[in-house]
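Work through the exercises below with the structure open. Try each task before reading its solution.

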Amino acid sequence: MNRDECVTLLQRVACRDKRQPSAAMLATWCSAMTDIELGDAIEAMNYLDRTSTEFLMPKHVRDAVQVVVDKRTRGQRLSGQVATVRAIETTKESNRARRLRRIRECRGCDDHGRLLDGRFCSHDVEGL
Ligand SMILES: [Zn+2]
């Protein structure tokens with residue numbers, strides 16, 4: 001985050017413990033937060049408001065950012081897996097529908113796709 005964003009973060013931190021932000025304090029927080037996104041830091045602050053009564057140092061916020069980012073990544077991975085499972089189910093369903101249609105259209109086998117001798121039909125008789 002940039003300096004302005006760090007001012008926003010420090011104001012947010014100061015809300016918790018009534019500390020008086022100073023230029024030196026801001027410089028310390030800024031140098032500790034250069035690689036952190038403001039949105040992640042605010043999310044981390046929300047998390048810390050729920051889970052901690054500590055007087056916050058930059059390290060606390062950095063650690064909490066790691067927690068919320070990990071949680072988010074895990075959630076995204078999970079929803080990706082759910083989407084994959086749904087896609088597989090959709091494919092299975094359409095494979096099943098295709099198989100049933102071929103059986104229905106085939107003149108060589110029964111409703112279960114079996115020939116008279118019990119073997120599965122390959123439905124090659126279509127069009128004969
Ligand atoms: Zn058949």
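The model is predicted.

**Exercise 1.** Find which residues of helix 3 are buried, and how they are placed around the axis.

*Solution.* A residue counts as buried if 20 or more other C-beta atoms lie within 10 Å of its own. In helix 3 this holds for Ala 41, Ala 44, Met 45 and Leu 48. Viewed down the axis of helix 3, the buried residues fall within an arc of 105 degrees, so they line one face of the helix. The face turned away from the buried side carries the exposed residues Gly 39, Asp 49 and Arg 50.

**Exercise 2.** Work out how helix 1 is oriented relative to helix 3, and name the residues that make the contact.

*Solution.* The axes of helix 1 (residues 3–17) and helix 3 (residues 38–51) come within 10 Å and cross at roughly 5 degrees. Angles under 35 degrees count as roughly parallel, so helix 1 is roughly parallel to helix 3. Helix 1 contributes Glu 5, Thr 8, Leu 9 and Arg 12 to the contact, and helix 3 contributes Leu 38, Ala 41, Ile 42 and Met 45. By class, the contact has five nonpolar, one polar and two charged residues.

**Exercise 3.** Is His 60 buried, exposed or partly exposed, and what does His 60 contact?

*Solution.* His 60 lies in helix 4. With 16 other C-beta atoms within 10 Å, His 60 is partly exposed. Leaving aside neighbours within four places in sequence, His 60 is in contact with Leu 48 and Glu 54.

Terms used: Residues numbered from 1 in each chain as written. Predicted model: local features only at pLDDT ≥ 70, side-chain atom pairs only at ≥ 80, totals over all residues. Axes fitted to C-alpha atoms, helices over the stretch in contact; angles between N-to-C directions. Helix = DSSP H or I, 4+ residues; strand = E, 2+ residues; numbered from the N terminus. Parallel < 35°, antiparallel > 145°, perpendicular 65-115°, else oblique. Contact = placed C-beta atoms within 7 Å. Nonpolar A, V, L, I, M, F, W, Y, C, P; charged D, E, K, R; others polar. Buried ≥ 20, exposed ≤ 12 C-beta atoms within 10 Å, placed from the backbone. Arc of directions from axis to C-beta.
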